[in-house]
Amino acid sequence: MTFAFDNSYARELEGFYVPWKGDDVRAPELLFLNEALALNLGLDPAVLGGAAGAAIFAGKTPPEGADPLAQAYAGHQFGGFSPQLGDGRALLLGEVLDLSGKRWDIQLKGSGRTPFSRGGDGKAALGPVLREYLMAEAMQALGVPTTRALAAVTTGEQVYRETALPGAVLTRVASSHIRVGTFQFFAARGDTEKLRKLADYAITRHDPDLAEAEEPYLAFLCAVRDRQAALIAKWMQIGFIHGVMNTDNMSIAGETIDYGPCAFMDAYDPQTVFSSIDTGGRYAYGNQPLIAQWNLARLAEALLPLIDSDTDTAIARCTAEIEAFTTIYDQAWRTSMGAKLGLAEGDAQEGDRDLVQGFLDMLHQHKIDFTNGFRSLLTVVEEPDAVPQPLSQIDDFAAWREGWSARLERTSPQDAVARMTRANPLYIPRNHRVEQALEAANAGDFSPFTRLMDVLSDPFTRREGLEDYAQPAPESFGDFQTFCGT
C-alpha cells in the first residue's frame, strides 16, 4: 500500500465536510517530490516518483485508502466575516501516521472545483504552487513551524488568470487543516453540538492532555494562544510577512499555513506590506502580533458556548486569556530577538527589549537590510575591532554597541556567536530570487528554482559561491508586490 491512511476527520466528523474528488486532469507530470519527507511519512519515493505518483498528486487517481473531502470553514477576511468559505480548491486525501506515530494530513491544493469554490475554477497555476513549495520548505529549514510540501505536479492543462498559465497541484502536509474559521463556521450557525464535537476532536488530536482538564475548552483556547504567540515571534525574528492573516488562514496547530502573498522583508520597516490586496496595511509586518491576538479573540467568541452557559462569565474568562497574549508574545519575542543579539534564553534582563528595539530603530532610520544587519553583528563579536558593512553607515552604532557589549559580558563570546549563528540566517527567500526562479519555471527552466531550493535548505551556514544569494534586491527590482494566485 502506498499510503497507510487512518482518516479520523472523515470518520469522526461527518457533516463537517463534503466528500469530493479531484478533476480528471489530462496529463499529470511530477516536478518535485520531497523524498526526505516522504520517507518520514512511511511512503516509498520509488513508487511515488513515477506516473502513478503524478496521478495521485494531481488528484486524478485517489490512492487506496484515501477518503477525499473538502472541509467546511468560515472566516474573517480583512476584518469582514464570511460565514461560508471552505476548501474551494483543496482536497484532504486523508491522514497518515509518520514513523514516530504522529498524525499528518495529506492535502491537494489546486485539484479542481469543489462545492466551496464560490465561482472559482479550483485550479492553481504553476507559479503559486512552486512559491508555496519553496516557502514552506524554507520555513522548515529556518526552524519555523509550518505546513510542508510533499510534491508538485503539472497537470498538462492551462489555468487562466490575467493570462494563460501552466496548471499545477501542490501536495501539502500539515498537523491538521483545522482553522479558527472551522470553529467560526459552526458558531455562526449556532450549532453548539457540532462546535463541541469539533473542539473535542481538536483536543484529542492536538492537546490530548487537556481532555481531563477542569475546563478543557478554555485550556484549549490557551494552548492555541501559546502556539500562536510562539509562531508569530518566529515570523518576526526572520522578517517574514504572511500577507493575509485571515482567520481562515490561522491554524490551531500553530503552523504557518497558506503561503499566498507572503514575502521576506529587505530593508527594515515595520510598516512593510507586499500583498497587492492589503491596501490599508492591515497585515503589515509590525501588525502581525496584533492581528494574531485579534484572530484569537474570534476563536474565543466561537468557543463561548462551550466555556460557560452564562455568556457574561464566558466572556470574562476568555477576555482574561486573550489579554494574556500580549505578555506571552512579548516573552517569546524577547527570547527570539534576544538570540539574534547573542543573549541567552532564561537570562532576561531589564532593558533587553530597549536594546533590541534600539538596533531595530537604527536599521529603520538608515534603511538597512533586516537579515544582513543582524547577521553582521556576528562579525562584531568575532572581530571586536571591526565595524562591517552595513553597520559602518550607522552614526550612532558605537553608542548602541557599548550597551550591547556590556550586556554580552554575562556570556562567553563563543556562546554568543553560537546563538547568533542559529538565530540569524544568511540565506532567506529573497523576493527577487524567488521571482526569477518562478519566471524561469513558467518558461520551462526549473534550474534556478532547484538551485534556490538547495541554497535555502541550509540557511545558517556560509557557503562559498553563494554570496549573491545573501544580497538584497537591486534597485532595478523596484517596488515588489505579491498576489494570492487564486
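This is a predicted model: local features need pLDDT of at least 70, side-chain atom pairs count only at pLDDT 80 or more; totals for chains, interfaces and linings use all residues.
**View 1. Aspartate 207 in the loop between helices H7 and H8.** Aspartate 207 is found in the loop that runs between helix H7 (192–206) and helix H8 (216–238), and because its relative accessibility is 11%, this aspartate counts as buried. Residues up to four places away in sequence being left out, the contacts of aspartate 207 are Ala202, Phe220, Ala223 and Arg227.

**View 2. Phenylalanine 183 and the largest nonpolar core.** The largest nonpolar core has 128 residues, and the members that touch the most other members are Phe183, Leu377 and Trp404. H8 supplies the largest share of this core, with 13 residues. A second, separate core has 24 residues, among them Leu33, Ile56, Leu93 and Trp104. When neighbours within four places in sequence are set aside, phenylalanine 183 is in contact with Ile178, Leu195, Leu198, Ala199, Ala202, Phe220, Ile252, Leu299, Ala302 and Leu303.

**View 3. Alanine 199 in helix H7.** Alanine 199, which lies in helix H7, has a relative accessibility of 0% and therefore counts as buried. Apart from neighbours within four places in sequence, alanine 199 is in contact with Phe183, Tyr217 and Leu306. Histidine 76 is 123 residues from alanine 199 along the chain, and the C-alpha atoms of these two residues are separated by 19 Å.

**View 4. The packing of helices H11 and H12.** Helix H11 (residues 325–340) and helix H12 (residues 352–365) pack with their axes 10 Å apart and at an angle of about 60°, so H11 and H12 are oblique to each other. The crossing of these two helices, H11 and H12, is left-handed. On the H11 side the contact is made by Asp330, Trp333, Arg334, Met337 and Gly338, which meet Arg353, Val356, Gln357 and Leu360 in H12. By class, the residues of the contact of H11 with H12 are four nonpolar, two polar and three charged.

**View 5. The packing of helices H5 and H17.** The axes of helix H5 (residues 126–141) and helix H17 (residues 447–456) cross at roughly 15° and come within 9 Å; H5 and H17 are therefore roughly parallel to each other. The crossing of H5 and H17 is right-handed. Leu130, Tyr133, Leu134, Glu137, Ala138 and Ala141 in H5 meet Phe449, Leu452, Met453 and Leu456 in H17. The contact of H5 with H17 divides by class into nine nonpolar residues, no polar residues and one charged residue.

View 6. In the loop between H13 and H14, where proline 390 is placed, a cis peptide bond with omega of about 5° joins glutamine 389 and proline 390. Lysine 367, found in the loop between H12 and H13, has a positive phi of about 55° although it is not a glycine, and with a relative accessible area of 67% lysine 367 is exposed. Phenylalanine 78 likewise has a positive phi of about 55° without being a glycine; phenylalanine 78 is placed in the loop between strand E4 (75–77) and strand E5 (80–82) and, at a relative accessible area of 30%, is partly exposed.

**View 7. Serine 275 in the loop between strand E12 and helix H9.** The loop between strand E12 (263–264) and helix H9 (288–307) holds serine 275, which is buried, with a relative accessible area of 4%. Serine 275 and valine 244 are 31 residues apart in sequence, and from C-alpha to C-alpha they are 7.7 Å apart in space. With neighbours within four places in sequence left aside, serine 275 is in contact with Gly243, Pro261 and Thr482.

Methods:
Residues are numbered from 1 along each chain as its sequence is written. Side-chain values use heavy atoms; hydrogens and water are left out. Helices (H or I, at least four residues) and strands (E, at least two) are DSSP runs, numbered from the N terminus. Buried means under 20% relative accessible area, exposed over 50%, partly exposed in between (1.4 Å probe, protein chains only). Contact means heavy atoms within 4.5 Å. A nonpolar core is a set of buried Ala, Val, Leu, Ile, Met, Phe, Trp, Tyr and Cys residues joined through side-chain atoms within 4.5 Å. Axes are lines fitted to C-alpha atoms, for helices over the stretch in contact, and angles run from 0 to 180 degrees between N-to-C directions. Angles under 35 degrees count as roughly parallel, over 145 as roughly antiparallel, 65 to 115 as roughly perpendicular and the rest as oblique. A crossing is left-handed if the near helix is turned anticlockwise from the far one by less than a right angle, and right-handed if clockwise. Ala, Val, Leu, Ile, Met, Phe, Trp, Tyr, Cys and Pro count as nonpolar, Asp, Glu, Lys and Arg as charged, and the others, Gly among them, as polar.
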